[in-house]
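My notebook is open, and I want to go through this fold one contact at a time. Here is what I looked up.

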Amino acid sequence: MILTGKIPVALLLLLITVSSYTQHFDRAAEELFKIRNSYSNSGYNSFTIQYQYAMEAAPKKILDTLTAYIKIKGSNYYCKMDKMEFIQNDSVNAAVYHPEKMIVLTNPATSIEKGRLVIDNWDSSFIAANIDSVIRTNDKTLRTLHFYFTPESYYSSCVVAYNIKDYRLRKISYIQRATQNYATGKNKPNGIIITVLFLAYSKTAFKDTIFNCSRFVKKQNNKWTTVATYNSYSVVNKVYVE
């Protein structure tokens with residue numbers, strides 16, 4: 001996924017759910033909990049996410065960008081990114097890939113995973129094994145959490161910056177260790193920095209129909225099929241029914 005412009009939103013948003021495994025664990029965990037709730041408990045939320053990609057050796061030189069448009073209300077979620085759309089409601093989770101003419105359906109996240117700001121596989125055991133330390137800094141209205149990972153972790157570093165008053169995210173920046181390559185004769189790796197900027201926040205009400213998958217699919221006789229407009233699309237049904 002390096003520089004392809006198709007980093008899943010959920011993967012990036014999961015970073016804000018990390019709790020710190022240091023003497024500051026409780027305070028950092030409390031801050032991250034408030035960040036999550038600033039989206040899940042405050043009615044209508046619209047914002048833009050801009051992904052920026054740069055090399056670790058030249059962080060200010062942006063090599064590629066990607067923009068996603070997000071709408072959240074409670075556990076309902078909508079994202080439009082490039083030529084893809086992602087929808088989650090109480091009934092189903094739908095990923096619509098327009099270039100491939102494919103719609104993938106899965107079960108929605110549980111009720112505690114409001115706004116897709118919680119990823120349950122980042123549990124306490126993962127945190128204990130991966131997080132080495134965290135430092136919190138303040139700059140007027142902005143607060144930043146600097147996470148440092150163990151050498152065995154998938155991630156090399158992560159920075160989460162957010163507004164002190166409303167706990168709205170401003171930036172997530174991280175490096176995946178898999179992208180770091182050591183140049184011949186040099187000790188310092190040169191990886192890819194993925195920076196996520198959160199822009200254009202709005203709490204203005206919008207039509208809840210944005211969370212309705214009926215634009216794309218319908219369910220008949222316990223079978224999901226496309227509506228007429230998308231009859232050329234294939235449906236991959238991964239919805240698990242107990």
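Before anything else, my burial cut-offs: I call a residue buried under 20% relative accessible area, exposed over 50%, and partly exposed in between, using a 1.4 Å probe and protein chains only.

Ground rules next. I am working on a predicted model, where local features need pLDDT of at least 70 and side-chain atom pairs count only at pLDDT 80 or more, while totals for chains, interfaces and linings use all residues. I number residues from 1 along each chain as its sequence is written, and my side-chain values use heavy atoms, with hydrogens and water left out.

**Entry: the sheet**

I took helices (H or I, at least four residues) and strands (E, at least two) as DSSP runs, numbered from the N terminus. Two strands pair for me if DSSP finds at least two bridges between them.

I looked up the strand order and got an open sheet of 12 strands, 7-8-9-10-13-1-2-3-4-5-6-16, with mixed pairing. Which strands stand at the edges? They are strand 7 (131-139) and strand 16 (234-237); each has a single partner strand, so one side of each is left without a neighbour in the sheet. From one strand to the next, the twist averages 15 degrees (axes are lines fitted to C-alpha atoms, for helices over the stretch in contact, and angles run from 0 to 180 degrees between N-to-C directions).

I then checked strand 1 (residues 44-55) against strand 13 (residues 192-202): they run antiparallel and are joined by 9 bridges. Ser-46 has Ser-202 in strand 13 as its bridge partner.

**Entry: aromatic rings**

I describe a pair of aromatic rings by the distance of the centres and the angle of the planes. Rings of Phe, Tyr and Trp (its six-membered ring) pair if their centres lie within 6.5 Å; planes under 30 degrees apart are stacked, over 60 edge-to-face, and the rest tilted.

I found 10 aromatic pairs in the structure. In one of them, Phe-47 and Phe-198 have ring centres 6.1 Å apart and planes at 40 degrees, so I logged the pair as tilted. Phe-47 sits in strand 1 and Phe-198 in strand 13, 151 residues apart.

Tyr-155 belongs to strand 9 (residues 155-163) and Tyr-174 to strand 10 (residues 169-176), 19 residues apart. Both tyrosines, Tyr-155 and Tyr-174, are buried.

I also noted one aromatic cluster made of Tyr-44, Phe-206 and Phe-211. Lys-71 lies over the face of Phe-206, 4.7 Å from the ring centre (the test is NZ of Lys or CZ of Arg within 6 Å of the ring centre and within 35 degrees of the ring normal).

**Entry: salt bridges**

My test is a side-chain nitrogen of Lys or Arg within 4 Å of a carboxyl oxygen of Asp or Glu. How many did I get? The structure holds 2 salt bridges.

Lys-73 bridges to Asp-208, with the closest N and O atoms 3.1 Å apart. Lys-73 is in strand 2 (residues 64-73), and Asp-208 is in the loop between strand 13 and strand 14 (217-220), 135 residues apart. Lys-73 is partly exposed at 28%, and Asp-208 is partly exposed at 36%.

Glu-85 meets Arg-215 at 3.6 Å, N to O. Glu-85 lies in strand 4 (residues 84-88) and Arg-215 in the loop between strand 13 and strand 14, so the pair ties together parts 130 residues apart in sequence. Glu-85 is buried at 8%, whereas Arg-215 is partly exposed at 34%.
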